[in-house]
Every structure is written in structure tokens, then in C-alpha cells.
Amino acid sequence: MSELTGRDPIYDPQELERQLVVRENAGDVGGMTALFEPDAVIELGEGRLVRGTEAIREFFTELQVTGIGPEGRRFKLGEQRPALISGDLALTSTRSIDGDITSEVARRQDDGTWLWIIDRWSVNW
């Protein structure tokens with residue numbers, strides 16, 4: 001476990017979002033990155049993609065310095081919808097405090113834990 005956030009294995013895909021917020025607020029870039037599969041992709045909007053562990057780590061490192069948007073805000077827990085699970089895949093979704101809706105696809109790992117493989121930060125058009 002990490003001294004910062006207690007990186008317990010995640011056996012419920014619903015826990016991924018909460019852990020992302022907790023780890024971001026603790027400045028735990030490694031912990032945030034660990035929530036994603038090595039070949040995961042994050043879609044940031046306007047066609048911008050962050051793909052793979054190193055790019056995701058770099059993105060979260062920059063985010064720790066700049067925050068989100070011009071106001072530099074940090075992640076906050078939003079209203080999470082129940083995960084839709086089919087076999088080893090789960091669709092997770094959260095309405096953030098600013099009204100944006102995220103959607104993510106998580107995959108169950110061989111050890112029973114869950115990691116995100118796709119993360120779309122905003123599905124508002």
C-alpha cells in the first residue's frame with residue numbers, strides 16, 4: 001500500500017472513480033496512473049488523446065501543477081451511476097460538479113481487480 005492513499009487492490013469498478021479523486025487530491029501521480037491498464041487511452045476532448053502508461057503519467061504530473069481548466073481546480077467526487085457490468089468489462093460514469101459526464105470502460109484483470117482501459121472525460125457535446 002502507498003503511504004499517501006493506501007493503494008488497496010480495487011475489486012469493484014465503482015471504486016476506480018473515488019480512488020482517482022482521492023489520489024489526485026493527495027498528489028499521488030503514481031497511484032492515479034496505476035488505475036489504468038498499460039495500453040489505456042484517455043480522451044480529453046477536441047480529439048486530444050493520452051495513450052499508454054508514460055503519457056498518462058506525464059499528463060497527471062502536469063495536472064498536479066496546473067489543475068483543471070483556467071481556475072486550476074482539483075478533482076471532486078461527483079454523482080456516480082451504477083456500473084454496467086458484462087463479464088470482464090464494466091462501463092462506469094460520473095456527473096462531475098460542473099455538469100460534465102464522464103464515461104469509462106474498465107476491464108477485470110486476471111487477479112480479479114479492475115483497471116480502466118478507456119476514459120472519456122466529458123461526453124457533453
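Rings of Phe, Tyr and Trp (its six-membered ring) are taken as a pair if their centres lie within 6.5 Å, with planes under 30 degrees apart counted as stacked, over 60 as edge-to-face and the rest as tilted. By that criterion F36, F59, F60 and W116 form one aromatic cluster. The model is predicted, so that local features need pLDDT of at least 70 and side-chain atom pairs count only at pLDDT 80 or more, while totals for chains, interfaces and linings use all residues. Residues are numbered from 1 along each chain as its sequence is written, and side-chain values use heavy atoms, with hydrogens and water left out.

**Overall make-up**

- The chain has 3 helices and 6 strands, where helices (H or I, at least four residues) and strands (E, at least two) are DSSP runs numbered from the N terminus.
- Read from the N terminus on, the elements follow the order α-α-β-β-α-β-β-β-β.
- Of the 125 residues of the chain, 38% count as buried, a term that stands for under 20% relative accessible area, with exposed meaning over 50% and partly exposed in between (1.4 Å probe, protein chains only).
- The accessible surface of the chain comes to about 7,100 Å², of which 53% belongs to carbon and sulfur atoms; accessible areas come from the Shrake-Rupley method with a 1.4 Å probe, and for residues only the protein chains shown count as cover.
- Among contacts in the chain with a separation of 6 or more, 42% are accounted for by residues 24 or more positions apart, contact being defined as heavy atoms within 4.5 Å.

**The sheet**

- An open sheet of 6 strands has the order β2-β1-β6-β5-β4-β3, with mixed pairing, and two strands are said to pair if DSSP finds at least two bridges between them.
- The edges are taken by β2 (48-51) and β3 (79-86), each with a single partner strand, so one side of each is left without a neighbour in the sheet.
- Neighbouring strands of this sheet are turned by 20° against each other on average, direction ignored; axes are lines fitted to C-alpha atoms, for helices over the stretch in contact, and angles run from 0 to 180 degrees between N-to-C directions.
- β3 and β4 (residues 89-95) pair in the antiparallel sense over 6 bridges, and S86 stands opposite L89 in β4.
- β1 and β2 also pair in the antiparallel sense, over 4 bridges, with E43 opposite L49 in β2.
- These two strands, β1 and β2, form a hairpin with 2 residues between them, and E46 in the turn has a positive phi of about 55°.
- β1 and β6 run parallel and are joined by 4 bridges, and the bridge partner of F36 in β6 is W116.

- The buried residues of α1 are L16, E17, Q19, L20, V21, R23 and E24, and what covers them includes α2, α3, β3, β4, β5 and β6.
- After α1 comes G27, whose phi is positive, near 75°.
- Helix α3 (residues 53-66) lies across β1 (36-45) and β2, running at about 50° to β1.

**Aromatic pairs and the nonpolar core**

- A search of the whole structure finds 3 aromatic pairs.
- In one of them, the rings of F36 and W116 have their centres 5.3 Å apart and their planes at 50°, so the pair is tilted.
- Because F36 lies in strand β1 and W116 in strand β6, this pair ties together parts that are 80 residues apart in sequence.
- F36 is buried, with a relative accessible area of 5%, and W116 counts as buried at 0% relative accessibility.
- The rings of F59 and F60 have their centres 5.5 Å apart and their planes at 50°, so this pair is tilted.
- F59 counts as buried at 18% relative accessibility, and F60 is buried with a relative accessible area of 1%.
- Of the 21 residues in the largest nonpolar core, F36 and F60 touch the most other members, a nonpolar core being a set of buried Ala, Val, Leu, Ile, Met, Phe, Trp, Tyr and Cys residues joined through side-chain atoms within 4.5 Å.
- At least two residues of this core are supplied by each of α1, α2 (29-33), β1, α3 and β6.
- Not counting residues up to four places away in sequence, F60 touches L20, V29, M32, T33, F36, I42 and W121.
- β1 is mostly covered, with 8 of its 10 residues buried.
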